[in-house]
Amino acid sequence: MNKLRFHILSFLAILVLFGAHIDLVSADSQSLSVTPPLFQISVEPGNLWQSSIHVVNTNPYPLTVYAKVVNFAAEGEGGTGRFIPILDSGEDKATLAEWIVINSGPYVIEPEQTGDVPFFIEVPQNASPGGHFAAILIGTEPPHDTKEPLALLTSQSVASLFFVRIGGDIIENATIREFSILDRSIEDSTAEFSLRFENKGNVHLQPRGNIVITNMWGKTRGIIPINEKTHFGNVLPNSIRDFKFTWKGERSLADIGLYKAIVTLAYGEDGVKSADATAYFWVVPIKGLLITFLLIGLFIYFVSWMIKRYVRHMLILAGVDPDEAETPKAISRKHSYDTMAAPITHGAHDLKTQLSSVTEFFDFFRTIIAFVLQYKLFFASLVLVILSFMVFVHYIAVVSEKERAYEVTIDEGDRTRVIKSDEIPQAVE
């Protein structure tokens, strides 16, 4: 039972180590939280650094809490980690947990009050340069003296993490191990990205940047911010973290085609080092394309049929029997500008003749309507051509839009955060 309880509580605490906020662990109807959830500090060998953890009791009764120091290490690629009990390393004290001096308690926190748990970090002179990681666990039961992992958490417990950077030979080296898209061909303008960032150095790194998504016309259709305005999203030394994002754009036939996603990250204490990668995917709405191709096919068939009708009428007006004009040579005997324009000239002359005998205002409109009905195929073709031109102009205008609404979902381990496009600064094209 203790083992199961330990794993459950450890999971709840670790889930938020890199994600967002550590604010509560609830069992037995008790609530407990600590601030800050993360200390990121730089200390030189031989120095002393001191502070305190603020423990918040939101319950209507006092709480007695205890403190315990453990080491911390990354586990897997999902941004989670594991607590490691202090193992006796002798006089060298090689781990950060051994450098943290704290009174284990008890500390009594009054109802709906905040109490401080002081501590200090005493860095030895021979501390190895680079990143060192530990946690202070605050729980409602006193820690046991045993070194067994099950003794770490047997009650309600929350944690403050410590990412300590020791000066010296600091190595900041990282790479984008993989930047991929779950499905390279999508129908509904929803793409899921996986960004595996590998830290090859000896200090923790927090990559910052964005993923810019552009359509086949080079227009920006989405920007995914990475670790924007957050202290979390860190990658520990010699580990890989898999960041996951989802982009959902507007569904539009105008934006079908090949899309490009470019990720650019900056990392390091000064943010001067960078890494980038590119991935491609297709947006292909199958149903919309089938309907579009069907309409285009019908349009081509109708235009072809109308051209044949026009040529047949042209030949008749030119005195050529269409049924005997079996070859282009037969048609070309009277082929001239006047011949080609004959149907239009004939129609214009017919309209002029009909209007010449009109004297009343309403008769004029009746004549025009009768004329349109008489030459309905010609006017239907003209309307179709105009509409096709308008659709083409609209298509060019849509694909040329600089901004388009979209939303981004960021997986932060313990929760997902959704950001609308109007909350994200647009890229300069």
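**Notebook: salt bridges, strands and surface**

I looked up Arg196 and found a relative accessible area of 17%, which means that Arg196 is buried (buried is under 20% relative accessible area, exposed over 50%, partly exposed in between, with a 1.4 Å probe and protein chains only). The model is predicted: local features need pLDDT of at least 70, side-chain atom pairs count only at pLDDT 80 or more, and totals for chains, interfaces and linings use all residues. Residues are numbered from 1 along each chain as its sequence is written, and side-chain values use heavy atoms, without hydrogens and water.

**Entry 1: Arg196 and its partner**

I asked which residue forms a salt bridge with Arg196. The partner is Glu77, and the closest N and O atoms are 2.7 Å apart (a salt bridge puts a side-chain nitrogen of Lys or Arg within 4 Å of a carboxyl oxygen of Asp or Glu). I then placed both ends: Arg196 sits in strand β13 (residues 190-199), and Glu77 sits in the loop between β4 (63-75) and β5 (80-84). The two are 119 residues apart, so this pair links distant parts of the chain. Glu77 is partly exposed at 30% relative accessible area. Helices (H or I, at least four residues) and strands (E, at least two) are DSSP runs, numbered from the N terminus.

**Entry 2: other salt bridges**

I counted salt bridges for the structure and got 7. One of them joins the side chains of Glu198 and Arg177, at 3.1 Å from N to O. Glu198 belongs to strand β13 and Arg177 to strand β11 (residues 174-181), 21 residues apart; this pair too links distant parts of the chain. Is Glu198 buried or exposed? Its relative accessibility is 17%, so Glu198 counts as buried. Arg177 has a relative accessible area of 47% and is partly exposed.

I also checked Lys420 and Glu407, whose side chains meet in a salt bridge at 2.7 Å, N to O. Lys420 lies in strand β20 (residues 416-420) and Glu407 in strand β19 (residues 406-411), so the pair ties together parts 13 residues apart in sequence. Lys420 is partly exposed, with a relative accessible area of 41%. Glu407 is partly exposed as well, at 22% relative accessibility. Last, I looked for shared partners: salt bridges join Glu77, Glu178 and Arg196 into one network.

**Entry 3: strands around β17**

I looked up which strands β17 pairs with (pairing takes at least two DSSP bridges between two strands). Strand β14 (residues 208-214) runs antiparallel to strand β17 (residues 257-267), and 7 bridges join them. Across this pair, Arg208 stands opposite Ala266 in β17. Strand β18 (residues 273-283) also pairs with β17 in the antiparallel sense, over 11 bridges. Here Val263 has Ala277 in β18 as its bridge partner.

The hairpin of β17 and β18 has 5 residues between the strands. In that hairpin, Gly268 takes a positive phi near 100°. A reminder to myself: in a regular strand, side chains alternate between the two faces of the sheet.

I found Arg221 in strand β15 (residues 220-226). Arg221 counts as buried because its relative accessibility is 2%. I took one C-alpha distance from there: Arg221 and Tyr259 are separated by 9.1 Å, though they are 38 residues apart along the chain.

Glu98 is in helix α2 (residues 96-99). Glu98 counts as buried because its relative accessibility is 15%. What lies 3.4 Å from a polar atom of the Glu98 side chain? The backbone nitrogen of Ala94 does.

**Entry 4: a nonpolar patch**

I looked for nonpolar surface and noted a patch of about 940 Å². Phe378, Leu382, Val383, Ile386, Leu387, Phe389, Met390, Phe392, Val393 and Ile396 make this patch. Patch residues have over 30% relative accessible area and no salt bridge; like charges are joined within 9 Å, and nonpolar side chains (Val, Leu, Ile, Met, Phe, Trp, Tyr) within 5 Å. I checked one member: Ile396 is in helix α8 (residues 376-399). Ile396 is partly exposed, with a relative accessible area of 36%.

**Entry 5: chain totals**

The chain has 8 helices and 20 strands. Of its 429 residues, 41% are buried. The chain exposes about 24,000 Å², and carbon and sulfur atoms supply 58% of that area (Shrake-Rupley method, 1.4 Å probe; for residues, only the protein chains shown count as cover). Among contacts between residues at least 6 apart in sequence, 71% join residues at least 24 apart (contact means heavy atoms within 4.5 Å).

Conventions
Polar contact = N/O pair within 3.5 Å; in protein donor to acceptor, adjacent residues only side chain to side chain.
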